[in-house]
Amino acid sequence: MEYNLADLFESVVDAVPDREALVYIDHPGTGAQRRLTYAELDAAANRIGHHLLDSGIRPGEHLGLHLYNGVEYLQTVLACLKARIVPVNVNYRYVEEELVYLYRDADLVALVFEAEFTDRVAAALPRVDGLRHLVRVGSVAPGAADAPVVPAVTFADAEAAGSPDRGFPARSGDDQFIIYTGGTTGMPKGVMWRQEDLFFSGLGGGAPTGEPVQKPEELAERVAAGGDGITFFPTAPLMHGTSTLTAFIGFNFGQRIVIHRKFAPEEVLRTIEKEKVTSVSLVGDAMLRPLVDALNGPMKGTDCSSMFSVSSSGAIMSDTVRRQFQDLVPNVMLLNNFGSSESGFNGTATEDSGPERGFRIRVNSRTQVVDPATYEPVAVGEVGRVAQCGHVPLGYYNDARKTAETFFEKDGRRWVLLGDMATVDQDGVVTVLGRGSQCINTGGEKVYPEEVEQALKSHPDVYDALVAGVPDAKWGHHVAAVVQLRTGALRPSLADIQTHCRSHLAGYKIPRQLVITDSIRRSPSGKADYRWAREVAASADG
């Protein structure tokens with residue numbers, strides 16, 4: 001047995017076959033749900049895995065998952081891993097041109113897609129060579145007589161045709177898992193992980209908060225020796241990677257995973273109460289703040305006492321919103337985790353992180369802040385880039401140039417150089433300044449949007465905010481704040497915002513432009529859309 005995700009999952013199944021593994025709850029208020037034990041989920045994944053192999057998909061070839069959250073998503077990922085087919089996440093917001101790019105770039109030969117996306121899939125297909133097998137989840141909407149015809153097998157038929165038994169060829173820790181980035185700083189890139197590396201960097205070696213396992217067999221031994229009672233609830237889309245990894249962390253513990261089709265705050269809270277959820281993962285204020293609003297409004301009095309942790313990665317929960325949630329659910333731990341598609345988990349924010357001190361991280365032993373020119377650790381207080389060594393990806397799929405820019409070797413170890421700028425203090429605590437690609441150069445000073453956004457969100461009238469740099473004849477660029485106000489809030493002036501920010505920020509970081517918008521555009525997972533923010537600010541400035 002190796003550190004292969006399918007082998008590890010099957011070992012857990014054999015240890016606790018009758019334990020509940022996956023609960024899918026539809027919303028809003030339909031009551032539709034599916035519950036599968038570990039043995040049932042294993043058999044369901046076997047069926048799809050055998051169908052794919054029987055359809056001519058070969059080990060090592062790539063299959064795209066163009067799906068909302070559902071049993072089918074995790075079932076298909078497991079099926080791919082069992083059959084040694086490489087799963088590839090597809091952003092369900094993508095339209096034709098973006099889909100054509102990703103289908104081609106990822107060299108997809110198979111696609112499992114939601115019936116709702118039939119039009120987009122049909123538009124992209126004629127421009128994509130090699131995509132030869134399609135499986136459709138769900139039915140085309142009634143009355144859609146003019147809907148395009150896509151030559152696809154239904155998921156139900158695929159499942160019925162495949163054997164429920166295992167019987168797959170031997171697997172390896174070298175088998176791959178590809179995670180496409182969100183494309184927030186350019187075109188999305190496929191991060192190629194060996195499964196053994198992903199197990200240790202992304203899944204904590206079977207124990208994210210404890211000691212990693214020393215041998216593959218130890219994972220099932222721990223599950224068999226432990227009890228159940230933990231319920232993980234990844235609320236963000238599975239197609240963004242973090243939620244899928246959260247689900248696999250839960251599987252590695254032999255615990256229960258709850259998922260919804262989409263994020264709806266009131267339904268999330270109902271599920272937390274009904275299913276006695278213990279651990280929630282989400283993405284920043286874009287998901288935490290609606291939960292605060294619901295608990296202060298229509299869901300007031302919801303029993304959240306089962307929860308012991310809420311964790312965020314991909315975007316931070318601001319100090320202001322964390323305090324608001326903590327007032328409503330006082331016994332829960334709120335964890336701002338730091339990581340990426342390229343590094344897995346790097347560390348967790350300290351309790352004193354906030355607008356005044358910045359986003360401070362206690363990093364793991366494999367993470368450093370280095371000079372990007374020499375790859376040597378920076379001195380205390382100097383700005384460098386976050387890097388991680390050891391279990392890191394192989395590189396970017398189909399992008400040798402970007403791979404060479406991002407991955408390097410030093411002292412016989414492989415490293416990944418992230419885009420995040422940071423400093424380190426004498427205690428080894430890392431303060432993350434922000435993505436270098438989003439840094440605003442104003443009058444020769446560097447401003448990182450995330451720091452200004454934290455200050456803006458502490459204003460009582462601000463619901464959400466993004467910060468971008470706008471070309472400026474005098475300063476090179478000036479800092480622009482794109483702000484969504486709270487419902488019923490009075491419209492603040494630029495001077496009001498500036499006065500508030502001066503108590504948190506140095507003068508050169510203060511916004512020189514304020515744009516009020518009805519809503520802030522983010523990805524389905526809550527990640528910031530800085531390109532949109534720059535366009536909105538530049539248009540308003542002009």
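Modeller: What follows is a walk through the salt bridges, pair by pair.

This is a predicted model, in which local features need pLDDT of at least 70 and side-chain atom pairs count only at pLDDT 80 or more, while totals for chains, interfaces and linings use all residues. Residues are numbered from 1 along each chain as its sequence is written, and side-chain values use heavy atoms, with hydrogens and water left out.

Side chains of opposite charge can pair when their charged atoms come close. A salt bridge is taken here as a side-chain nitrogen of Lys or Arg within 4 Å of a carboxyl oxygen of Asp or Glu, and by this rule the count comes to 39 salt bridges.

Let us begin with Glu 10 and Arg 171, whose side chains meet in a salt bridge at 2.7 Å, N to O. This pair links distant parts of the chain, since Glu 10 belongs to helix H1 (residues 5-15) and Arg 171 to the loop between helix H6 (155-161) and strand E8 (176-180), 161 residues apart. Helices (H or I, at least four residues) and strands (E, at least two) are DSSP runs, numbered from the N terminus. Glu 10 counts as buried because its relative accessible area is 9%, and Arg 171 is likewise buried, at 11%. For these words, buried means under 20% relative accessible area, exposed means over 50%, and partly exposed lies in between, with a 1.4 Å probe and protein chains only. Glu 10 and Arg 171 also belong to a network of salt bridges that links them with Asp 7, Asp 14, Asp 42, Lys 82 and Arg 166.

Next come Arg 222 and Glu 218, which form a salt bridge at 2.9 Å, N to O. Both residues lie in helix H8 (residues 217-225), 4 residues apart, which is about one turn of the helix. Arg 222 is partly exposed because its relative accessible area is 31%, whereas Glu 218, at 17%, counts as buried.

The last pair to look at is Glu 275 and Arg 256, with a salt bridge of 2.8 Å, N to O, between their side chains. Here too distant parts of the chain are linked, with Glu 275 in helix H10 (residues 265-275) and Arg 256 in strand E11 (residues 256-260), 19 residues apart. Glu 275 is buried, because its relative accessibility is 6%, and Arg 256 is also buried, at 14%.
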